[in-house]
Amino acid sequence: MVICVSVDREDYSIASKNSVKNRTKAYRSVTSHDRQRTMWPLEAPLMRSPQTDASDRKMMMRCIALSVRSAEEGEYPYGVVIRRADQVVSESINRVAHEHDVTRHAEVVAISRAQKLLCTTSLDDCIIYANAEPCAFCSYAIRESRIKRVVYGLRSPHMGGVSKWNVLTDEDLSDTMPEVFAPPPEIIAGFMSHEAEQALLAWNPLIWEIVRRRGLYGVGLGTAVLSREPDVVGRRRLTQRFMALLRRTVFDRFGRNSRRALTNTPD
């Protein structure tokens with residue numbers, strides 16, 4: 001089950017009261033633009049607060065610092081960190097201007113580096129952090145690399161893989177091709193978004209004001225999504241674990257981690 005909520009801070013305080021009446025009131029107070037992309041079944045329980053810790057804050061601060069560095073180097077202000085357990089596996093700024101390649105988004109570069117370092121295309125035991133919501137292009141790379149958890153700060157209502165395009169939360173991918181795609185990742189949206197905004201505001205107030213007026217990024221609670229329930233029990237949990245094992249040990253031998261492909265890699 002996927003629950004998607006789009007509210008601001010005022011609405012969320014109203015919605016936190018456990019009554020259908022208040023949830024309806026919060027839903028009606030969302031702007032007409034947001035209402036078109038808001039999914040909120042009134043019979044669904046209110047979402048639990050995101051489970052974050054000091055490690056999440058540390059990783060996001062690292063992303064924010066990278067985003068400022070990216071902007072200072074003439075790139076769009078994006079910073080990404082990929083973590084496995086308590087170790088940083090890879091990190092990156094945008095590399096589009098550096099490499100004259102529009103595909104070198106920070107998320108894609110970090111994913112590519114992590115896969116090479118870990119010698120696998122499957123990052124199902126990793127977490128990715130970004131100062132802003134991944135775009136549709138990067139979101140697809142996150143899904144195909146099977147990253148289990150996505151944490152981002154600023155919302156991207158016009159380009160985002162959650163707010164605009166249903167990529168990160170799409171269950172059709174994993175239902176139709178379970179040998180390739182894992183279920184949608186757990187998503188923590190709007191995490192430390194105010195800190196992310198303040199860093200870019202300090203970097204260049206004029207540019208950030210233009211960005212803000214265009215509505216390219218959103219700050220605050222924004223869109224919160226829980227698309228993989230951590231307390232899955234019984235047969236469903238066993239099925240997911242079994243499929244994860246099959247993906248790594250069987251299916252990935254064909255077209256993803258093929259030894260023949262590795263031996264035929266050009267110099």
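This briefing covers the nonpolar core, the cysteines and the salt bridges of one structure. The model is predicted, so local features need pLDDT of at least 70 and side-chain atom pairs count only at pLDDT 80 or more, while totals for chains, interfaces and linings use all residues. Residues are numbered from 1 along each chain as its sequence is written, and side-chain values use heavy atoms, with hydrogens and water left out.

**Nonpolar core**

- A nonpolar core is a set of buried Ala, Val, Leu, Ile, Met, Phe, Trp, Tyr and Cys residues joined through side-chain atoms within 4.5 Å.
- Buried means under 20% relative accessible area, exposed means over 50%, and partly exposed lies in between (1.4 Å probe, protein chains only).
- The largest nonpolar core has 42 residues, and I82 and I128 touch the most other members.
- Leaving aside residues up to four places away in sequence, I128 touches V80, V81, I82, E107, I111, I142, I147, R149, V150 and V151; contact here means heavy atoms within 4.5 Å.

**Cysteines**

- A disulfide is a pair of cysteine sulfur atoms within 2.5 Å, and a search of the whole structure finds zero of them.
- For C135, the closest cysteine sulfur is that of C138, at 3.6 Å, which is too far for a bond.
- C135 is buried, with a relative accessible area of 19%.
- C126 is also buried, at 0% relative accessibility.

**Salt bridges**

- Side chains of opposite charge can pair when their charged atoms come close.
- A salt bridge is a side-chain nitrogen of Lys or Arg within 4 Å of a carboxyl oxygen of Asp or Glu, and by this rule the count comes to 12.
- One of them joins the side chains of D125 and R84, with 3.4 Å from N to O.
- This pair links distant parts of the chain, 41 residues apart: D125 is in the loop between α6 (106–118) and β4 (126–132), and R84 is in strand β2 (residues 79–84). Helices (H or I, at least four residues) and strands (E, at least two) are DSSP runs, numbered from the N terminus.
- D125 is partly exposed at 28% relative accessibility, and R84 is partly exposed at 35%.
- E209 and R213 form a salt bridge at 2.9 Å, N to O. Both lie in helix α10 (residues 205–214), four residues apart, about one turn of the helix.
- E209 is partly exposed at 27% relative accessibility, whereas R213 is exposed at 68%.
- The side chains of E99 and R95 meet at 3.2 Å, N to O, in a salt bridge, and E99 is partly exposed at 35% relative accessibility.
- A network of salt bridges links D56, R83, D86, R149 and E186.
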